[in-house]
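This report describes the fold, the surface and the charged side-chain pairs of the structure shown below.

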Amino acid sequence: MAIGYAAGNLGLTSAHRERRNVLLQLLLRVEAWLDARENAKALYRMDDRELADIGLSRADVESLNVASWQDHLPAAFSR
């Protein structure tokens, strides 16, 4: 218990919390990228008639994949 108070007084808990937040942001962005990738795969499996039924064209599907996986990284890791 005394160690926890000493670490709190040194500010070590805030550094740990910040590191955890960066990791959480990275994981959330990876999850968002995986979701977008799965959605794009589902759209690619559709034929032109099915895409037209939902108001999309093949060009719309292509434009969804312009973003790179690196665009989803936190600022500290991006290009």
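D48 counts as exposed, at 52% relative accessibility. The model under discussion is predicted. The side chain of D48 meets that of R58 in a salt bridge, with an N to O distance of 3.4 Å. The pair links distant parts of the chain: D48 belongs to helix α3 (residues 48-53), R58 to helix α4 (residues 58-64), and the two are 10 residues apart. R58 counts as partly exposed because its relative accessibility is 28%.

By the rule applied, the structure holds 2 salt bridges. Besides the pair described above, R49 forms a salt bridge with D53, and their closest N and O atoms are 3.5 Å apart. Both R49 and D53 lie in helix α3, separated by 4 residues, about one turn of the helix.

R49 has a relative accessible area of 54% and is therefore exposed. D53 is also exposed, with a relative accessible area of 58%.

## Overall architecture

The protein chain contains 4 helices and 0 strands. Read from the N terminus, its elements run α-α-α-α. Among contacts between residues at least 6 apart in sequence, 30% join residues at least 24 apart.

## Surface and burial

The protein chain has 79 residues, of which 9% count as buried. It exposes about 6,500 Å², and carbon and sulfur atoms supply 59% of this area.

Key
Residues numbered from 1 in each chain as written. Predicted model: local features only at pLDDT ≥ 70, side-chain atom pairs only at ≥ 80, totals over all residues. Heavy atoms only, no water. Buried < 20%, exposed > 50% of the residue type's maximum accessible area, 1.4 Å probe, protein only. Contact = heavy atoms within 4.5 Å. Areas by Shrake-Rupley, 256 points an atom, 1.4 Å probe, with all protein chains shown as cover. Salt bridge = Lys/Arg side-chain N within 4 Å of Asp/Glu carboxyl O.
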